2 protein chains.
Amino acid sequence: MCGQCGCEKHQNKPTLQRLELHQGLLSRNDSQACHNRAHFQAHGLMTLNLLSAPGSGKTALLEQLARHWPRQPIGVIVGDLATDNDARRLQAAGARAVQIRTGDLCHLDAALVDEAFHKLDCSGVDLLMIENVGNLVCPTAFDLGEQRRMAVLSVTEGEDKPLKYPALFKSVDAVVINKMDLAEAVNFQREVAITNLRAIAPQAELFELSARTGQGLELLIAWLDGQAA
Amino acid sequence: MCGQCGCEKHQNKPTLQRLELHQGLLSRNDSQACHNRAHFQAHGLMTLNLLSAPGSGKTALLEQLARHWPRQPIGVIVGDLATDNDARRLQAAGARAVQIRTGDLCHLDAALVDEAFHKLDCSGVDLLMIENVGNLVCPTAFDLGEQRRMAVLSVTEGEDKPLKYPALFKSVDAVVINKMDLAEAVNFQREVAITNLRAIAPQAELFELSARTGQGLELLIAWLDGQAA
């Protein structure tokens, strides 16, 4: 019974059913991800799954990588619910890019990536970036077959995002703090943000940069190059 | 068969199963939302579901509303995967606030809101804001029993977000463009953003403001006040 107005309070027990279904989907995804991983390795690719909130600057970062990667072109598989804006931006920056339009799906899964990969010309490519749907929750659980996973966090989003979305930040090999050129304008509390990141993701390499100006990009490129070797 | 390396390409047919499950969950959610709606109305509340990407400034906006709503206090139900940072911020601003911690759930649902509502002291409250999980995809499909739905989009996120997340923007009664104080610093293309918004969400009232400075807040308060009447 409702304590305020006496109406009957509904019981809600969806958790177990959701969990079982979720595990079924994830198990199928994991098999496909293993296939993808073998496939990427057979092609000599270092593959990275790029995760962030909408508007953190994933595409701007990939445009810079496309222009400055020492062994161009890079390959990009890019996911969005709608539009092929990002693939077109990346192609203009010199990348080989294939767009996945997910419709209402909130994350990429390994099967979607597999399908897109078969449309990508990977000859001469050694770095494949997978730009996930902008979402700090759902992409976390879906292995795409990538070798490395990286989150982008922009200074405009607030210093507590790692604490609020811990599963994602715990799952990554690296974190980029982006839009450092705006840090002063938004009164970004750098030490607070880094303390929060270190509390949740002590394993992650940390890069502070501006995808817009290119400031700090060289350290990220050097790290990626080391991973690819 | 894979066109590139001859490996067997896995078949993936998850769409139908996903759809059926999704509809089952939504059907249960809709029943609970109807219950919530009657419940909110019985308490004389105008209820609004607030949606945005992580870091768009939902909580900062609610802090301003808590301070400037003509009939204080406002009630807030606030969802996050982890932490009760937002409820504490809102309480400090004078709101009655209850935090929902969703764990790994990417959206609020009607049952979670019902449970939180029964913890909220609504005496003397006429405006109940529900701050959803920061996510531009998953919350869209879940009716919480709200009367109005509003999206927040910040100028730092890029002008094309309504095109990329059309389902969410089509579902709202109002859109706040937030962080207008940063528009110049990020070279925000106001006309492009508004053209995109109007293409996707012609039904939505539009407010341009800065939750940080308070600039433009009075028009939003007047609109909310009109909805509540």
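In what follows, helices are DSSP runs of H or I with at least four residues, strands are runs of E with at least two, and both are numbered from the N terminus. On that basis, chain A of this predicted model has eight helices and seven strands.

Of its 229 residues, 61% are buried. Its accessible surface comes to about 9,000 Å², and carbon and sulfur atoms account for 49% of that area. If we take the contacts between residues at least 6 apart in sequence, 72% of them join residues at least 24 apart.

How many of its eight residues are buried? Six are, and the helix is accordingly described as mostly covered. The buried residues include A:V113, A:D114 and A:F117. At the start of this helix, a side-chain oxygen of A:D109 comes to within 3.2 Å of the backbone nitrogen of A:A111.

Helix α5 of chain A, residues 161-164, contains A:K164. Is this lysine, A:K164, buried or exposed? With 5% relative accessibility, A:K164 counts as buried, because the cut-off for that class is under 20%. Its side chain makes a polar contact of 2.7 Å with the side chain of B:D86. Setting aside residues up to four places away in sequence, A:K164 touches B:D80, B:L81, B:A82, B:T83 and B:D86.

Some backbone details deserve attention. The peptide bond between A:Q72 and A:P73 is cis, with omega of about -5°, and A:P73 sits in the loop between α2 and β2 of chain A. In chain B, the bond from B:Q72 to B:P73 is cis, with omega near -5°, and B:P73 lies in the loop between α2 and β2 of that chain.

A:T83 is not a glycine, yet has a positive phi of about 75°. A:T83 is placed in the loop between β2 and α3 of chain A and is buried, with a relative accessible area of 17%. A:N187, also not a glycine, has a positive phi of about 55°; this residue belongs to the loop between β6 and α7 of chain A.

Finally, the cavities. Which residues line the second largest cavity? Among them are A:P54, A:K179, B:P54 and B:E157. By class, this lining has two nonpolar, six polar and three charged residues.

How values were computed. Residues are numbered from 1 along each chain as its sequence is written. Chains are lettered from A and ligands numbered from 1 in the order in which they are written. This is a predicted model: local features need pLDDT of at least 70, side-chain atom pairs count only at pLDDT 80 or more; totals for chains, interfaces and linings use all residues. Side-chain values use heavy atoms; hydrogens and water are left out. Buried means under 20% relative accessible area, exposed over 50%, partly exposed in between (1.4 Å probe, protein chains only). Contact means heavy atoms within 4.5 Å. Accessible areas come from the Shrake-Rupley method with a 1.4 Å probe; for residues, only the protein chains shown count as cover. On a 1 Å grid over the protein atoms alone, a cavity is a set of points where a 1.4 Å probe fits but cannot get out, and a pocket is an open set with protein on both sides within 12 Å along at least five of seven lines; lining residues have an atom within 4 Å of a point. Ala, Val, Leu, Ile, Met, Phe, Trp, Tyr, Cys and Pro count as nonpolar, Asp, Glu, Lys and Arg as charged, and the others, Gly among them, as polar. A polar contact is a pair of N or O atoms within 3.5 Å; within protein, one must be able to donate a hydrogen and the other to accept it, and residues adjacent in sequence count only if both atoms are side-chain atoms.
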